[in-house]
Every structure is written in structure tokens, then in C-alpha cells.
Amino acid sequence: SPPDGDMGDYFASLDHVKAQNFDRIWPTHGPAIEDPKTFVQAYIDHRRGRERQIEDQISAGKSEIMDIVKALYQHVDARLHPAAAHSVLAHIIHLVNVGRVSCEGVPTLRSTYLPT
């Protein structure tokens, strides 16, 4: 969650774990993961899908994070929307860093975002 990181950092971490070709990984809780590559790829696919949804919302004219959250998380209890906003911000920081979204200044929860 920003400011501690962004989705670019998360993707790099997932890619690193996937590249290790582990036979098994042990999470901090729960059972061992016996097929790490498939498991990690599912996380990557989910986050890439969310990234596309965020870009689609920005392209459709939603330029503020809370508007994006309301669209993407409409079936989620609104009390969870502030946490979702941080997830969207993490994605947007990555999208700004790779040049797929723009904003004036540093990306924040209150910035205005535009497609590039």
C-alpha cells in the first residue's frame, strides 16, 4: 500500500519468486503451496486484470480514484472502499511510472488521472 510500495514493486517481487522455480513455498500462514508457478501466475493474472480495468475506467472518463473504486467495487461494502482506493492508487502509481496513465505531480489519492 502506498507510500510503502506500488504495484510495480509487487509485480517485480512476484516475477522474482516465480523465476526461482521452487517446488514448494511456505506462506506465513496456511498450508504449503505445492505448485508455486501456477499459484504466483494466478496472482499476476489477477493484478494485470485489475490494471486493465483501472485503465478502462480512466479511458472512460473516470479521472479520480474514488470514482474508479465506486465503479470497480460497487458490489463491495462501501466501508472497504478506502482500502480499495489504496490498491487502485498502487496500480495507478505503476501505470504512471510506465507511461500508461498521466497526472500532474506525484500520484496521490486526490490526483486527477488521464489516459496517455
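In which helix does I58 lie? I58 belongs to helix α2, in a predicted model where local features need pLDDT of at least 70, side-chain atom pairs count only at pLDDT 80 or more, and totals for chains, interfaces and linings use all residues. Residues are numbered from 1 along each chain as its sequence is written, and side-chain values use heavy atoms, with hydrogens and water left out. The protein has four helices and two strands, where helices (H or I, at least four residues) and strands (E, at least two) are DSSP runs numbered from the N terminus.

**Overall architecture**

- Along the sequence, the elements follow the pattern α-α-α-α-β-β.
- Taken along the principal axes, the C-alpha atoms fill a box of roughly 45 × 30 × 25 Å.
- Of the 116 residues, 36% count as buried; buried means under 20% relative accessible area, exposed over 50%, and partly exposed in between, with a 1.4 Å probe and protein chains only.
- Among contacts (heavy atoms within 4.5 Å) with a separation of 6 or more, 47% come from residues 24 or more positions apart.

**Residue I58**

- I58 is buried, with a relative accessible area of 3%.
- Not counting residues up to four places away in sequence, I58 touches I68, I92, V101, Y113, L114 and P115.
- The C-alpha atoms of I58 and H16 are separated by 29 Å, and these two residues are 42 residues apart along the chain.

**Helix α1**

- Helix α1 (residues 7-19) has 13 residues, which at 1.5 Å a residue should span 18 Å; its end C-alpha atoms are 18 Å apart, which agrees. The expected span is 1.5 Å times one less than the number of residues.
- The buried residues of α1 are M7, G8, F11 and L14. They cover an arc of only 125 degrees around the axis, which puts them on the same side of α1; the arc is that of the directions from the helix axis to the C-beta atoms.
- An α-helix has 3.6 residues a turn, so residues three or four places apart point the same way.
- The packing partners of the buried α1 residues are α2 (36-59) and α4 (81-97).
- N21 follows α1 and has a positive phi, near 55 degrees.

**Helix α3**

- In α3, the residues I65, I68, V69 and L72 are buried. Their arc around the axis is only 100 degrees, which puts them on the same side of α3.
- The cover over these buried residues of α3 includes α2, α4 and β2 (113-115).

**Nonpolar core**

- The largest nonpolar core holds 17 residues, of which I54, I65, V88, I92 and Y113 touch the most other members. Such a core is a set of buried Ala, Val, Leu, Ile, Met, Phe, Trp, Tyr and Cys residues joined through side-chain atoms within 4.5 Å.
- At least two residues of this core come from each of α2, α3 (65-72), α4 and β1 (101-103), and α4 gives the most, with seven residues.
- Beyond four places in sequence, the residues that Y113 touches include I58, I65, I92, V101 and P107.

**Largest pocket**

- The largest pocket has a volume of about 180 Å³. A pocket is an open set of points on a 1 Å grid over the protein atoms alone, where a 1.4 Å probe fits, with protein on both sides within 12 Å along at least five of seven lines; lining residues have an atom within 4 Å of a point.
- Its lining has 13 residues, of which S1, M7, Y10, R47 and A90 lie nearest the centre of the pocket.
- Two or more lining residues come from each of α1, α2 and α4, and α2 gives the most, with four residues.

Note on methods:
Points joined across faces, edges and corners; volume = space filled by probe spheres on them.
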